[in-house]
Amino acid sequence: MFTANSSELVTHSALRLLSLKPTSGAQLVAQCQSAPISSEMDRVFVVLVVLAATFFAPAKAGWNWATATFYGHADGSGTMGGACGYGNTYQAGYGTNTAALSSVMYNDGAACGQCYMIMCNSEMSKACKPGAAVTVTATNLCPPNWARPSDNGGWCNPPRVHFDMAQPAYERIGTYNSGIIPVLFQQVKCWREGGLRFKMGGSNNFQLVVIMNVGGSGSLRAVSVKGTNTGWIPMNRNWGANWHCNSGLVGQELSFAVTSTGGQTLYIYNVVPSWWRFGMIFSSNYQFYY
């Protein structure tokens with residue numbers, strides 16, 4: 001335990017750690033662990049330096065630090081639905097290579113559909129599968145757990161960057177019993193089979209559309225809809241990947257103008273036939289490249 005004048009008791013062996021110049025966080029950890037410990041104060045100091053190495057050491061070029069856990073089951077059940085509104089992630093084109101993002105990444109739903117390549121940081125954990133990586137799609141929000149501290153159960157509390165992955169995706173890079181693992185990640189281009197998909201929702205006077213299977217940047221910046229009897233009507237993000245407008249479009253053939261966060265705009269004409277019903281999904285032959 002620290003005493004009133006404990007700040008004056010750091011010995012030479014602890015101060016020596018300040019001069020270490022490792023090339024990675026793992027090397028700093030190793031050097032700290034091998035350093036001679038001559039007092040309880042030294043021991044506490046070493047622990048603090050190890051923690052600093054874990055959270056503040058620079059990541060590899062082009063990669064960022066995060067942590068990861070998993071939820072659901074081995075077959076992906078328990079991960080369907082979610083805050084992005086995709087529902088069945090197989091129907092959405094995403095399968096089980098999916099993840100819920102902590103709120104600092106989720107960005108109020110603007111990140112829905114984005115793709116991230118993730119690999120377990122084998123320099124920091126023995127629970128990693130060396131050389132393995134997986135690309136996941138953001139389909140859900142991992143909400144904060146304010147009842148737990150961010151380093152003990154509150155993994156998705158701001159400002160933490162965290163992926164709560166579907167179990168099949170998680171086990172591509174980490175072992176089942178590992179609990180939480182350190183990872184490196186980067187946002188990458190999304191590659192999809194087929195074109196954009198439109199899931200119809202809303203009511204007779206309120207149009208709600210979920211746009212799924214989005215390639216390129218994976219997420220959307222702007223959406224407009226055009227009915228047989230209307231001009232182009234701007235839509236607003238309602239929640240997650242749901243876009244809405246206060247217009248009754250039942251019985252009309254629908255076209256969409258969609259702009260990705262990468263800046264590409266597609267005009268998809270007459271993709272939804274006039275006989276559409278709420279809950280139906282319609283596929284197009286159009287896809288983003290960026």
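## Overall architecture

The protein chain contains 5 helices and 14 strands; helices (H or I, at least four residues) and strands (E, at least two) are DSSP runs, numbered from the N terminus. The model is predicted, so local features need pLDDT of at least 70 and side-chain atom pairs count only at pLDDT 80 or more, whereas totals for chains, interfaces and linings use all residues. Residues are numbered from 1 along each chain as its sequence is written, and side-chain values use heavy atoms, with hydrogens and water left out.

Of the 290 residues of the protein chain, 49% are classed as buried, a term for under 20% relative accessible area, with exposed meaning over 50% and partly exposed in between (1.4 Å probe, protein chains only). The protein chain exposes about 14100 Å², and carbon and sulfur atoms contribute 54% of this area. Accessible areas come from the Shrake-Rupley method with a 1.4 Å probe; for residues, only the protein chains shown count as cover. Among contacts (heavy atoms within 4.5 Å) between residues at least 6 apart in sequence, 67% connect residues at least 24 apart.

## The barrel

A barrel is closed by 6 strands in the order β1-β5-β2-β4-β3-β6, with mixed pairing. From one strand to the next, the twist averages 45°. For such angles, axes are lines fitted to C-alpha atoms, for helices over the stretch in contact, and the angles run from 0 to 180 degrees between N-to-C directions.

Two strands are taken to pair if DSSP finds at least two bridges between them. Strands β2 and β5 pair in the antiparallel sense over 3 bridges. Alanine 100 has aspartate 164 in β5 as its bridge partner.

## Disulfide pattern

The structure holds 4 disulfides, each defined as a pair of cysteine sulfur atoms within 2.5 Å. A disulfide is a covalent bond between the sulfur atoms of two cysteines. Counting bonded cysteines along the chain, the disulfides of the protein chain follow the pattern 1-2, 3-8, 4-5, 6-7.

## Cysteine 84 and cysteine 112

The sulfur atoms of cysteine 84 and cysteine 112 lie 2.0 Å apart in a disulfide. This link is left-handed because the torsion about its S-S bond is about -85°. Cysteine 84 is in the loop between β1 (64–71) and β2 (98–102), and cysteine 112 is in the loop between α4 (103–106) and β3 (115–120), so the pair ties together parts that are 28 residues apart in sequence. Both cysteine 84 and cysteine 112 are buried.

## Cysteine 115 and cysteine 190

Cysteine 115 is joined to cysteine 190 by a disulfide with an S to S distance of 2.1 Å. The pair links distant parts of the chain, 75 residues apart: cysteine 115 belongs to strand β3, while cysteine 190 sits in the loop between β6 (181–188) and β7 (197–203). The torsion about the S-S bond is about 125°, so this disulfide is right-handed. Cysteine 115 counts as buried because its relative accessibility is 3%; cysteine 190 also counts as buried, at 2%.

## Cysteine 142 and cysteine 156

A further disulfide connects cysteine 142 with cysteine 156 (S to S 2.0 Å). Cysteine 142 lies in strand β4 (residues 134–142) and cysteine 156 in the loop between β4 and β5 (162–166), 14 residues apart. The link of cysteine 142 and cysteine 156 is right-handed, with 90° about the S-S bond. Cysteine 142 and cysteine 156 are buried.
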